[in-house]
Amino acid sequence: MSSISALQAQLNSGTKAVITTHFNPDSDAIGSSLAWQNYLLQLGLEVSVVVPSAVSANLKWMPGAEHILNFEDTLHKVQIEALLKEAEFIFCLDFSGLQRLHGLSHSIKSARGTKVVIDHHLNPEDFATYYYHRTTAASTCELIFDLIQEWGDDARINEAMGSCLYSGIMTDTGSFRHPNTTAHVHEVVAHLIQKGVNTNAIHRNIFDSASLDRLRFLGHILANRLDYLPEYHLSLMWITEEDQKQFNSQAGDTEGIVNYGLQIAGAIWAILLIQRPDGIKLSFRSIEPFSVNEFASKYFEGGGHKNASGGRFSSSSIEGAKEKLQEVLPLYLSEINRVKNL
């Protein structure tokens, strides 16, 4: 591992680079990737953004999003492999372990380019040469902003870059309501607004651009796929493959649904199960000070943040995942009650 400060002098005009981020990329993943690409392009680098899976419709407004390459797209895959073969640097943004890349992981791991991690998740995997990693940061977009400031390049932060950065900061802080919303977060946002960022337009682009199918999908989940387990102060939701087909679910349509579970009075945490052909994807959310990261890591091959984590269950059975939860939930009862009584 080398100091990130040594990297700046190596980012010369003509250098070839690839930026990548995690599977099912969210606003922080896409926002940080496009902002960093904007910055590197200004330095004269030849740089492409590559993602393991499709970008959701509500993020395609971001400047530069139209040029993102999707590894799941057969036409893009050959191009991506060629870019990785030539890349001198590979920037890994908003993920701490190669498994988060799913099908793209082998290509990234075997690529000869120097790997650079910029991330805020817990327990980073040791696969890169350079790390700019801080778990106290609310988002990777915040880290991109801070790194550019440390390198004395604030003048390169333009309105387009600022819009991408703001989108990731806004969503990863839950529109500035989560405990990770620090004074520094507000200082960064104030600076971006001074750069001309239209916060109202960005909020509408991300949160007020749903399809009719998506709204009906959400209504179906809340009406028919939500249980509340009062003894565990837990909201449990699930989405079947049939649900996704019935409502023509697209990339990003399940994003944020788990957060609705925390709106129930008395809820300390929420879990969403999403049925996939290769297993069950789990999303965990909690209020302070209850840690879902530990729960996800210990029982569901997952991890992430203290109050926002993900995991997986190897079988594609929703009932099997529920049974596993019922087995391990009693082990956390004392901790749940302790948090509830604070």
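Helices H4 and H5 are oblique to each other; angles under 35 degrees count as roughly parallel, over 145 as roughly antiparallel, 65 to 115 as roughly perpendicular, and the rest as oblique. The structure is a predicted model, in which local features need pLDDT of at least 70 and side-chain atom pairs count only at pLDDT 80 or more, while totals for chains, interfaces and linings use all residues. Residues are numbered from 1 along each chain as its sequence is written, and side-chain values use heavy atoms, with hydrogens and water left out.

**Stop 1: H4 against H5**

Select residues 140-150 for H4 and residues 159-172 for H5. Helices (H or I, at least four residues) and strands (E, at least two) are DSSP runs, numbered from the N terminus. The axes of H4 and H5 come within 8 Å and cross at roughly 135°. Axes are lines fitted to C-alpha atoms, for helices over the stretch in contact, and angles run from 0 to 180 degrees between N-to-C directions.

Now show side chains. From H4, Cys 141, Glu 142, Ile 144, Phe 145 and Ile 148 meet Met 161, Cys 164, Leu 165, Gly 168 and Ile 169 of H5; contact means heavy atoms within 4.5 Å. By class, the residues of this contact are 8 nonpolar, 1 polar and 1 charged. Ala, Val, Leu, Ile, Met, Phe, Trp, Tyr, Cys and Pro count as nonpolar, Asp, Glu, Lys and Arg as charged, and the others, Gly among them, as polar.

**Stop 2**

A crossing is left-handed if the near helix is turned anticlockwise from the far one by less than a right angle, and right-handed if clockwise.

H5 contributes Gly 162, Leu 165, Tyr 166 and Ile 169 to the contact, and H6 contributes Val 185, Val 188, Val 189 and Leu 192. This contact of H5 with H6 has 7 nonpolar residues, 1 polar and no charged.

**Stop 3: H5 against H7**

The crossing of H5 and H7 is right-handed.

Look for Ser 163, Tyr 166, Ser 167, Met 170 and Thr 171 in H5, which meet Thr 199, Ile 202, His 203, Ile 206 and Phe 207 in H7. The contact of H5 with H7 divides into 5 nonpolar, 5 polar and no charged residues.

**Stop 4: the annotated spans**

Colour residues 17-169, where UniProt places "domain: DDH" (unreviewed entry). That span is 37% helix and 18% strand, and its end C-alpha atoms lie 24 Å apart. Then colour residues 248-328, which UniProt lists for "domain: DHHA1" (unreviewed entry). Residues 248-328 are 23% helix and 30% strand, with end C-alpha atoms 33 Å apart. UniProt positions are given in the numbering used here, feature names are shortened, and annotations may be inferred rather than shown by experiment.

**Stop 5**

Centre on His 120, in the loop between strand S5 (114-119) and strand S6 (130-133). His 120 counts as buried at 1% relative accessibility; buried means under 20% relative accessible area, exposed over 50%, and partly exposed in between (1.4 Å probe, protein chains only). Not counting residues up to four places away in sequence, His 120 touches several residues, including Asp 28, Asp 94, His 133, Asp 172 and His 305. His 120 and Thr 136 are 16 residues apart in sequence and 7.1 Å apart in space, C-alpha to C-alpha.

Move to Ser 33 in helix H1 (residues 27-42). Ser 33 is buried, at 1% relative accessibility. Residues up to four places away in sequence aside, Ser 33 touches Ile 19, Thr 20, Thr 21, Val 49 and Leu 93.

**Stop 5: backbone exceptions**

Most residues other than glycine have a negative phi, and most peptide bonds are trans.

Select Asp 94, which has a positive phi of about 70°. Asp 94 lies in the loop between strand S4 (89-93) and helix H3 (105-110) and is buried, with a relative accessible area of 1%.

Ser 175 has a positive phi near 55°. Find Ser 175 in the loop between H5 and H6, where it is partly exposed at 30% relative accessibility.

Finish at Glu 288 and Pro 289, joined by a cis peptide bond with omega about 0°. Pro 289 is in the loop between strand S10 (279-286) and helix H10 (292-299).
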